[in-house]
Amino acid sequence: MNFGLARARGLQTVWPALAGAAQAASMAMPGSGQAQGWLQILSLFLLATGLARTAREAQPTRSSAKQAAWSGGVFATVWLTGSFWWLFVSMHDVGGLPAPLAVLAVVALAAALALYYAAASAAWVVLARGVMAHRPGWVSVLFAALWTLAELMRGRWLTGFPWGAGGYAHVDGVLSVWAPWIGVYGIGALAAWLAMRLALAGWRLRALKPLMGVGLVCWGLQAWGPTFTTSAGVGQVELLQANISQSAKFDAASGIRDALQWYDARLRGSQQALVVAPETAVPLLPRYLPEGYWAGLQQHFAEVGRPMALVGLPLGSKAEGYTNSVVALGPTGGPDYRYDKSHLVPFGEFMPPGFVWFVQMMNIPLGDFRSGGWAQPSVHWQGQRLAPNVCYEDLFGEELAIRFKEPTQAPTVMVNVSNIAWFGDTLAVDQHLSISRMRAMELGRPMLRATNTGATAIIDYQGRVTHQLPRFTRGSLTGAYEGRNGLTPFARWASAWGLWPLWALCCMLVAWAVMRSWLRRQ
């Protein structure tokens, strides 16, 4: 047995695995739930250092590419498994899937998504060989382009699952000032460039000058950066949180009866101008509710002087398809306004072709919803334009930006209704709060979050949590929010072109690198 070879391969696995674990921890540190941007850059720095060493080694290109792909794949598999390990809770604890199958499903998903990063790592090593020493700035930009393409592919292809994208680690860091300009993927690209630039710089002061320049720009934007939005007025809101466990939520004898009674009392008793109940707060289709329940709520809020309520519930029928919806009850809402969730969760809300057997192994009610339209209107209330989104949808800033295409009709407030009880008391709660905060910064709008178990919160247009209800408690959160008019640069370009400008820029950089590599070989 060649122990030297075994030791080398072991090291090639251990160091990227440790770096990937650090990347996962950077999204929400265990114990605090806070994102740590410095740790995310450090984790990528460790990966970049290893990739640079691989590119410098005098070995056949195919061998070095395979080694780089292995390093990038191990890094990403550990990072992604650590980012969404809580899917195990929904599949095993809630859905009843046997534990070994649930573990296998989480790791298999992470490994499949890690292939994007493995390909990016291999491509960088191949294209950087021979030019890394005298073109460190260029190959750092190339690494950022390839890494961003991997992030974009994960976030968009096959319906997309961008949870844990690197940019979210910077929601509280110095790079957060770039959110209204370039969004979470742009921040991730900047972090990737910084990590590789540091890896190639060593301790040479001259090579660190570009990094100092980035720091000065970030400081300048923080101190004197423009404000892209203006106030649309202040409103009062009450956000409801029933704290009903997912295992009890659809139990007729406990969860359903409890939810109907508690939400009915809190909705009718609200003294605020706006009251919001979370995703599927009413857990039954209207026709299955107790006689007079839904009609009574509609009648109550239709009376003059009542507040407006936004209530999450399922709608539809087997013939027309079910929707995960938000309905407005009030003088300007009633049956005339509903929002149907557009971006559905694979396996939870729709069944991908060929995987019906997988969903049938779990006890997930209403597992096949119909998608709503992308550009659904806002609901108007007391001078504000309220734009609902349901749970997972706020993970896709480019899709929320679609509603900002017409500036005069752009939302002044975003309202997220969620049910994270699927994932128990895990870091999923903290990660989702960071996601909502990033959307607020990107689009320059407050985000009102009404959730079943947490984190129920009011987030201002700068991504700051101004009010928050203790998670996994029953109660309501009341507070003020300030709607905003005007568009951030991200809202302008993402509403017009989605993420295509990022795709195009990264593809052009990679194409240029491929062409230069081909010309060098001639």
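Figure 1. The model shown here is predicted: local features require pLDDT of at least 70 and side-chain atom pairs pLDDT 80 or more, whereas totals for chains, interfaces and linings draw on all residues. Residues are numbered from 1 along each chain as its sequence is written, and side-chain values rest on heavy atoms, with hydrogens and water left out. Helices (H or I, at least four residues) and strands (E, at least two) are DSSP runs, numbered from the N terminus. Strand β8 (residues 413-418) runs parallel to β7, and 5 bridges join the two; strands are said to pair if DSSP finds at least two bridges between them.

**Figure 2. β6 and β7 form a hairpin.** The two strands pair in the antiparallel sense through 3 bridges, and Trp-381 stands opposite Gln-384 of β7. There are 2 residues between the strands, and Gln-382 in the turn has a positive phi of about 50 degrees.

Figure 3. Leu-448 has Ile-458 of β10 as its bridge partner.

**Figure 4. Another open sheet has 6 strands in the order β5-β4-β3-β2-β1-β12, again with mixed pairing.** Its edge strands, β5 (338-340) and β12 (475-485), each pair on one side only. On average, neighbouring strands of this sheet are turned by 30 degrees against each other, direction ignored. Strand β1 (residues 230-241) and strand β2 (residues 274-276) run parallel, with 3 bridges between them; Glu-238 has Val-275 of β2 as its bridge partner.

**Figure 5. Helix α5 is kinked by about 30 degrees, centred on Leu-115.** The bend at a residue is the angle between axes fitted to the seven residues ending there and the seven starting there. Helix α5 (residues 99-128) contains 30 residues and reaches 43 Å from its first C-alpha to its last, close to the 44 Å expected at 1.5 Å a residue. The expected span of a helix is 1.5 Å times one less than its number of residues. Ser-121 belongs to α5 and counts as buried because its relative accessibility is 0%. Although 69 residues separate Ser-121 from Ala-52 in sequence, their C-alpha atoms are 10 Å apart in space. Just after the helix, Gly-130 adopts a positive phi of about 90 degrees.

**Figure 6. Helix α7 bends by about 75 degrees at Tyr-185.** Between its end C-alpha atoms, α7 (residues 179-201) spans only 27 Å, whereas a straight helix of 23 residues would span 33 Å at 1.5 Å a residue. The helix is mostly covered, with 20 of its 23 residues buried. Gly-202 follows α7 and has a positive phi, near 65 degrees.

**Figure 7. The whole structure contains 19 aromatic pairs.** One of them joins Trp-262 and Tyr-263 edge-to-face, at 5.1 Å centre to centre and 80 degrees between the planes. Rings of Phe, Tyr and Trp (its six-membered ring) pair if their centres lie within 6.5 Å; planes under 30 degrees apart count as stacked, over 60 as edge-to-face, and the rest as tilted. Trp-262 and Tyr-263 are both buried. Ring pairs also link Phe-75, Trp-79, Tyr-117, Trp-124, Phe-143 and Trp-147 into a cluster.

**Figure 8. The charged end of Arg-484 sits over the ring of Tyr-461.** This charged end is 3.8 Å from the ring centre. A charge sits over a ring if NZ of Lys or CZ of Arg is within 6 Å of the ring centre and within 35 degrees of the ring normal.

Methods:
Buried < 20%, exposed > 50% of the residue type's maximum accessible area, 1.4 Å probe, protein only. Axes fitted to C-alpha atoms, helices over the stretch in contact; angles between N-to-C directions.
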